[in-house]
Amino acid sequence: MAWSFQIKDVSFAGSSVTVAGITVTDFMDDANPVEFQDVDVSSVGVNCNGSMIRNAKPNVIMMSLTVIPGSQSDERLYNLWKKYRVQGNYNAQWEQSLSASVTIGSGRGSKTFSNGTMVGGPGGPSSNGEGKMQGRTYTFAFVTAN
């Protein structure tokens, strides 16, 4: 029996994420640099007769980016975070929806997301017990994936 296999490139090296016009390439290594949470698309139950019942479950797509503290990406994302944070006065800029694209290095494709908003980000710097600054994670939610 001959074994046939092909090595798949699963590296994220050379990849980038662009969100709200901000291109991020300086990811931090102490957390997942780019992470999409699992999205539940349905829930199921069983009726009194034992038949399965499926319910569609609308949900958003959550994306988190962890960047190097003090980097250009961090500064730009922090400025975006400040625009989305309510600070006692009305700012219409936060009403505009965001879009994002994730481009995988070596020309292996991209995914785009739209109708989004910023959900959260760090209010200040963090460090671990060894004195190393921790990556800064910014979180976004999107309605549409292409």
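The model is a predicted one, so local features were taken only where pLDDT is at least 70 and side-chain atom pairs only at pLDDT 80 or more, while totals for chains, interfaces and linings use all residues. Residues are numbered from 1 along each chain as its sequence is written, and side-chain values rest on heavy atoms, with hydrogens and water left out.

First, the overall layout. The protein has one helix and nine strands (DSSP runs, H or I of at least four residues for helices and E of at least two for strands, numbered from the N terminus). Read from the N terminus, the elements go β-β-β-β-β-β-α-β-β-β. With a radius of gyration of 19 Å, well over the 15 Å that the globule rule gives for 146 residues, the protein is more spread out than a compact globule; the radius is taken over C-alpha atoms, and the rule is 2.2 Å times the number of residues to the power 0.38. Those C-alpha atoms fill a box of roughly 55 × 55 × 35 Å along the principal axes.

Seven strands form an open sheet in the order β2-β1-β7-β8-β9-β6-β3, with antiparallel pairing; a pair needs at least two DSSP bridges. The edges belong to β2 and β3 (34–36), each with a single partner strand, so one side of each has no neighbour in the sheet. At the β3 end, three bridges join β3 to the antiparallel β6, and F36 sits opposite M63 in β6. The helix α1 packs on the sheet, touching β1, β2, β6, β7, β8 and β9, and its direction makes about 65° with that of β9 (lines fitted to C-alpha atoms, for helices over the stretch in contact, with angles from 0 to 180 degrees between N-to-C directions).

Finally, the core. The largest nonpolar core holds 21 residues, and V19, M63, L65, L77, M118, F140 and F142 have the most contacts inside it; such a core is a set of buried Ala, Val, Leu, Ile, Met, Phe, Trp, Tyr and Cys residues joined through side-chain atoms within 4.5 Å. At least two core residues come from each of β1 (16–19), β2 (22–24), β6 (61–67), α1 (72–84), β7 (98–103), β8 (110–120) and β9 (136–145). Leaving aside residues up to four places away in sequence, M63 touches V17, V19, E35, F36, A100, V102, Y138, T139, F140 and F142, a contact being heavy atoms within 4.5 Å.

Definitions and conventions
Buried < 20%, exposed > 50% of the residue type's maximum accessible area, 1.4 Å probe, protein only.
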